[in-house]
Amino acid sequence: MSNLAPAAEASTKIITFLAECEQETGISEISRGTGINKNMVFRILNTLENEGWVYCNGQKYSLTLMLFGLASKPIARLSLNTAATPVLYDLLSKTGESTYLGILKDDKVLYLQHLDGVKSVRVAGRVGGEYDLYCSAPGKVLLSYADDGFIEEYTSRNFEKTTQNTITEKTAMLKEIENIRKNGYAIDKEEFGNGITCAAAPIYDYSGKVIAAIGCSAFTSNGKCEEIIDELLPNVLAAAKEISTRLGRTL
């Protein structure tokens, strides 16, 4: 037996239908679009109109900004740090490796949070630290989802290799960006520093914009690079998805 309340279910369908309409819509169109009989559509619309959710212009209906106003309140209360903090600690507990939350600041990745790993050999970092985009996993994530103008200007610069694995040539860097966008994550295989590997993924806000990156860093002394990535990556991707969901992103 279903636990759904028919009237509530029908109301959400009607609200969703109206939200997706580009113009005012009549009862017949709403009924056909939602599969709800006209009598119920009429009764629900009357209730929504009385409560200020729906505007009626003759025989045509549209949503008011009531829904937007209500939805914006939790978004305003829920900051990136608030949404990310419990997820970062959970990621640390699952991996035991250093975890971080970074945002794009000018042409660097800025760490808003950094939690040290619990293993005997761990990657150090600090809140407020700024790191290059081209050679770090969170940096490559933020670079990859930046606007095209920024990417073109940034990848045209001259870069120094920090290790023999560092990608510095523009064509290779653009290919790396293409792969990151395709895969939805970035890997640093000893590009930032010798013996350090890292996995990072993008965090989206409610509008679908990438606003941050979350990831884990580990020393290869804790295991082979590929094995570390295989362990870290699923947890990092799950953490990025959870934070994005908390921020209102629907995937």
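These legends accompany several close-up views of a predicted model.

**View 1. Tyr pair Y111 and Y131, a tilted ring pair.**
Seven aromatic pairs are counted in this model, and here we look at one of them. The ring centres of Y111 and Y131 are 4.8 Å apart and the planes meet at 45°, so this pair is classed as tilted, falling between the cut-offs of 30 and 60 degrees. Y111 belongs to strand β4 (residues 108-115) and Y131 to strand β5 (residues 130-132), so that the pair links distant parts of the chain, 20 residues apart. Both Y111 and Y131 are buried.

**View 2. Y145 and Y204, an edge-to-face pair.**
In this view the planes of the Y145 and Y204 rings stand at 75°, with the centres 6.3 Å apart, so the pair counts as edge-to-face. Y145 sits in the loop between α6 (137-144) and α7 (148-155), while Y204 is in strand β7 (residues 196-204), so the pair ties together parts 59 residues apart in sequence. How exposed are the two partners? Y145 is partly exposed, at a relative accessible area of 24%, whereas Y204 is buried, at 19%.

**View 3. Helix α6 packed against helix α8.**
Here α6 meets helix α8 (residues 170-183) at an angle of about 85°, and the axes lie 9 Å apart. That angle makes α6 roughly perpendicular to α8. On the α6 side, the residues in contact are K140, V141, L143 and S144; on the α8 side, they are E176, I177, I180 and R181. Sorted by class, the contact of α6 with α8 has four nonpolar, one polar and three charged residues.

**View 4. The largest nonpolar core.**
This core holds 26 residues, and those with the most contacts inside it are L80, L101, A199, I203, I214 and I243. Two or more residues come from each of α5 (80-95), β7, β8 (210-219) and α9 (225-246). The largest share, eight residues, is given by α9. For a closer look at one residue, follow L80: leaving aside residues up to four places away in sequence, L80 touches L101, I103, L112, I203, I211, A212, I243 and L247.

**View 5. Another core, apart from the largest one.**
This separate core has 24 residues, including Y134, L143, I180 and C198.

Methods:
Residues numbered from 1 in each chain as written. Predicted model: local features only at pLDDT ≥ 70, side-chain atom pairs only at ≥ 80, totals over all residues. Heavy atoms only, no water. Phe/Tyr/Trp six-rings, centres within 6.5 Å; stacked < 30°, edge-to-face > 60°. Helix = DSSP H or I, 4+ residues; strand = E, 2+ residues; numbered from the N terminus. Buried < 20%, exposed > 50% of the residue type's maximum accessible area, 1.4 Å probe, protein only. Axes fitted to C-alpha atoms, helices over the stretch in contact; angles between N-to-C directions. Parallel < 35°, antiparallel > 145°, perpendicular 65-115°, else oblique. Contact = heavy atoms within 4.5 Å. Nonpolar A, V, L, I, M, F, W, Y, C, P; charged D, E, K, R; others polar. Core = buried A, V, L, I, M, F, W, Y, C linked by side-chain atoms within 4.5 Å.
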